[in-house]
Amino acid sequence: MALTAAEEAVALYRGLAEQRPDAHLPGLAGALSNLGSRLDRLGRHEPALAAAEEAVTLRRRLAAQRPDVHLRGLATALNNFGTPLDNLGRYELALAAAEEAVALYRGLATRLPNAHLSGLASALNNLGGHLGRLGRYEPALAAAEEAVTLFRGLAEQRPDAHLRDLAGTLNNLSSWLEGLGRQEAALSAMRECVQAWQAACRHHPELYEGRLAFAQAQLRHRHPPLI
């Protein structure tokens with residue numbers, strides 16, 4: 001049903017954009033991104049890629065016309081674009097999209113940090129994943145460390161909004177540290193990940209208790225001698 005609604009939204013926005021592109025192309029791009037994400041979660045990676053690619057194309061056109069309004073949308077579309085590329089094994093293209101997304105968010109965050117630091121942190125976390133899948137563990141670690149630093153600051157300001165982001169990024173950081181043989185640092189990151197999920201559960205236990213249990217199991221599995 002959710003997929004049907006997403007497909008219907010794209011069709012409606014496409015019709016509106018044909019009549020008034022200036023007013024409705026951003027809506028069409030957003031609907032395409034949403035459709036791509038839903039298709040990808042259903043394992044339909046090729047049509048997901050087509051939708052995400054069209055969204056990027058539209059966002060590029062809009063950003064060229066009004067960068068002050070649409071660069072954030074382009075950065076978000078590029079961040080999403082990497083996922084179906086990655087799932088189809090197109091790792092270099094996924095990495096290129098992630099690198100462009102980080103560059104755009106970095107520029108935006110320099111001008112308006114309160115509005116864009118979260119997007120930059122998320123893009124850095126994704127970039128770390130793409131680098132790691134290509135075996136580039138040191139730059140993957142650097143991206144994850146920067147993402148963790150940003151999410152720590154954001155979680156201090158708005159824990160209800162960003163503790164889950166911090167926890168997920170710490171989990172990734174622990175993986176890259178472990179892959180590089182830095183076991184003590186990996187253990188420290190994983191313990192902080194569990195602590196972040198515990199704090200998130202104090203705000204929304206119904207949402208995060210399962211993730212806390214999973215993180216605790218990962219900690220026991222990865223570091224049994226030290227527990």
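Which residues of α9 are buried? The buried residues of α9 are Ala186, Leu187, Ala189, Met190, Cys193, Val194, Ala196, Trp197, Ala199, Ala200 and Cys201. Buried means under 20% relative accessible area, with a 1.4 Å probe and protein chains only. The cover over these residues includes α8 (159–179) and α10 (205–222), where contact means heavy atoms within 4.5 Å.

This is a predicted model, in which local features need pLDDT of at least 70 and side-chain atom pairs count only at pLDDT 80 or more, while totals for chains, interfaces and linings use all residues. Residues are numbered from 1 along each chain as its sequence is written, and side-chain values use heavy atoms, with hydrogens and water left out.

The chain has ten helices and zero strands; helices (H or I, at least four residues) and strands (E, at least two) are DSSP runs, numbered from the N terminus. Helix α9 covers residues 183–203, and its 21 residues should span 30 Å at 1.5 Å a residue; the end C-alpha atoms are 31 Å apart, which agrees. The expected span is 1.5 Å times one less than the number of residues.

For the chain as a whole, the values are as follows.

| Property | Value |
|---|---|
| Span of the C-alpha trace along its principal axes | about 65 × 35 × 35 Å |
| Accessible surface (Shrake-Rupley method, 1.4 Å probe) | about 11800 Å² |

Carbon and sulfur atoms account for 52% of the accessible surface. Of the 227 residues in the chain, 44% are buried. Among contacts with a separation of 6 or more, 55% join residues 24 or more positions apart.

Conventions
Buried means under 20% relative accessible area, exposed over 50%, partly exposed in between (1.4 Å probe, protein chains only).
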